[in-house]
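Here is a short briefing to read alongside the fold on your screen.

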Amino acid sequence: MKKNLTRREFIRAGTAGAVAFSWPGARRGPSLLAAETAKPAILGGSPVHSGGWLPWPQWREAWEPKMLEVYRSGKWFRLSGQWVPEFETAWARLLGARKCLATASGTTALQVSLHVLDVDAGDEVITSPYTFIATYNAILSARALPVFADTDPATLTMNPASIESRITERTRAIMPVHIFGMPCDMDPILAVARKHNLPVIEDACQAWLAEYRGKKCGTMGDLGCFSFQESKHIPSGEGGAITSMSEEMIDRCNVYHNCGRSAGTIKGKGSFTRGDNYRMMQSQAMMLLLQIDKLQTETAVRRESADYLSAQLAKIPGITPVRLPEGGRAVWHLYAFRYDAAQWGGLSRDKFMKALTAEGIPCSSVYSEQYYDGLLDEAIASRGFKRLWSAERLRSYRESFDGLKGNRQVCATTVAIGQNMLLAPRTDIDHIIAAVRKLKDYSGELAKL
Ligand SMILES: Cc1ncc(COP(=O)(O)O)c(C=O)c1O
């Protein structure tokens, strides 16, 4: 089995029950001695949790008539039916945004936003390195350079104090990422953006209904982007949205996402400006409309479970729940904490995660230092990028990764569980806590394995 699961692989595996790690000594047969049941499962005891977890995504039979209505209507694409605009209105209202545009995916929402905010070939966009790779990709597909602010190890989000030193004459936008549904500390980010006259695109692709100081994520910057991909809290297989407090901005997004045709306040003849096809389908919109109430109910449950987990896990030495910025309310796409092996008798994070998984609590280290994975090396070695930047800039850019000390720490110490687990009853949430406590008691023995 691969050592590091991607976030999506992990979510899929986690919803199917415990991830099957093959480790010597893992789970024995049914005739365990009573004394052994108290041991970690990986040492031959019984797992704390054996019931699996809520599968994800979920389907409701009650949705079927409405979905069939869409298919039977023959109105399948954006411009032939009413459901995409209905969803846009509902999503904007839910978030308190002025207007919303639905898109084919979160990635295309980011691409449209970058175009509309005039990020062009040879520009630079300051973003967070601790994110799903689509954040990097969207910037690269604009032939712009993703320049990384450092990650704050306490919050796992962009450290606002690290932004200003990254601004160059080429910087065109700032793109904070509300990772795992945890809001970034937006006030200082917006302040530095204002000071340098830079627009802000919020990557809220994991932050449906997350809040910061009374405002929903996706409504604080110039544009906010969401994903409704299958693993998400409100999924439609693929899907995305852009929100804004500016009607004109969303109209501009609409134009670009629909082959450069006029929309709302932006008038023109035919395809009067550049564009692409990033439209949402009617069936996606219907699925989303059907899940809006569910999203709100489940968000409250996840929050309650996460608050409880944080209060309990914080009592265990070497486990540090994530800190939210003042006035922040997360929605916990993943529930993450940081793990300090030094306080666990040197038990490595990998061994800790294997032992926790064996207890029936699937977990993941999530993102690694993916700027070393080759994607950016390939981009900066390309003919286009060499044309757009000096060799000196590309060299200093590549060297700058080594300075991302906060992010390195985060990538080496984070452990996360899936959002579906937070929807479980309190007795199952207690299993998560009991499993971590049990492993702590045996950390010395586990470290020797
Ligand atoms: C932080 C982040 N940004 C962007 C995306 C891209 O969204 P999509 O997969 O819908 O294209 C995702 C999706 O997982 C994401 O988590």
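The notes below are grouped by topic.

This is a predicted model, with a mean pLDDT of 93 for the protein chain. In that chain, 92% of the residues reach 70 or more.

**Where to be careful**

- Over residues 16-36, pLDDT stays under 50. For this stretch the model has 41 contacts beyond four places in sequence.
- Where pLDDT is low, the predicted coordinates should not be read in detail.

**Strands β2 and β3**

- Strand β2, residues 124-127, pairs with β3 in the parallel sense, and four bridges join the two.

**The four-stranded open sheet**

- Four strands in the order β1-β9-β8-β5 form an open sheet with mixed pairing.
- At its edges stand β1 (99-103) and β5 (201-203); each has a single partner strand, so one side of each is left without a neighbour in the sheet.
- On average, neighbouring strands of this sheet are turned by 20° against each other, direction ignored.
- Three bridges hold the parallel pairing of β5 with strand β8, residues 223-227. Within it, Glu202 has Gly224 of β8 as its bridge partner.
- Helix α8 (residues 247-257) lies across β1, β8 and β9 (240-244), and runs at about 20° to β1.

**Helix α7**

- Which residues of helix α7 (residues 186-195) are buried? They are Met186, Ile189, Leu190, Val192 and Ala193.
- Seen down the axis of α7, these buried residues fall within an arc of 160°, so they line one face of the helix.
- An α-helix has 3.6 residues a turn, so residues three or four places apart point the same way.
- The buried residues of α7 pack against β4 (171-175), β5 and β6 (211-212).
- Arg194 and Lys195, on the other side of α7, are exposed.

**Helix α13**

- In helix α13, which spans residues 391-400, the buried residues are Arg393, Leu394 and Tyr397.
- Looking down the axis of α13, its buried residues fall within an arc of 95°, so they line one face of the helix.
- What covers the buried residues of α13 includes the strands β2 and β3, together with α11 (375-381) and α12 (383-388).

**Backbone details worth a look**

- The peptide bond from Trp56 to Pro57 is cis, with omega near 5°. Pro57 has its place in the loop between α2 (34-37) and α3 (64-73).
- Arg143, in the loop between α6 and β3, has a phi near 55°, a positive value in a residue other than glycine. Arg143 is partly exposed, with a relative accessible area of 45%.
- Is Cys259 buried or partly exposed? Cys259 is partly exposed, with a relative accessible area of 25%.
- Cys259 lies in the loop between α8 and β10 (261-263), and its phi is near 60°, a positive value in a residue other than glycine.

Key:
Residues numbered from 1 in each chain as written. Predicted model: local features only at pLDDT ≥ 70, side-chain atom pairs only at ≥ 80, totals over all residues. Heavy atoms only, no water. Pairing = 2+ DSSP bridges. Axes fitted to C-alpha atoms, helices over the stretch in contact; angles between N-to-C directions. Contact = heavy atoms within 4.5 Å. Buried < 20%, exposed > 50% of the residue type's maximum accessible area, 1.4 Å probe, protein only. Arc of directions from axis to C-beta. pLDDT = per-residue confidence, 0-100.
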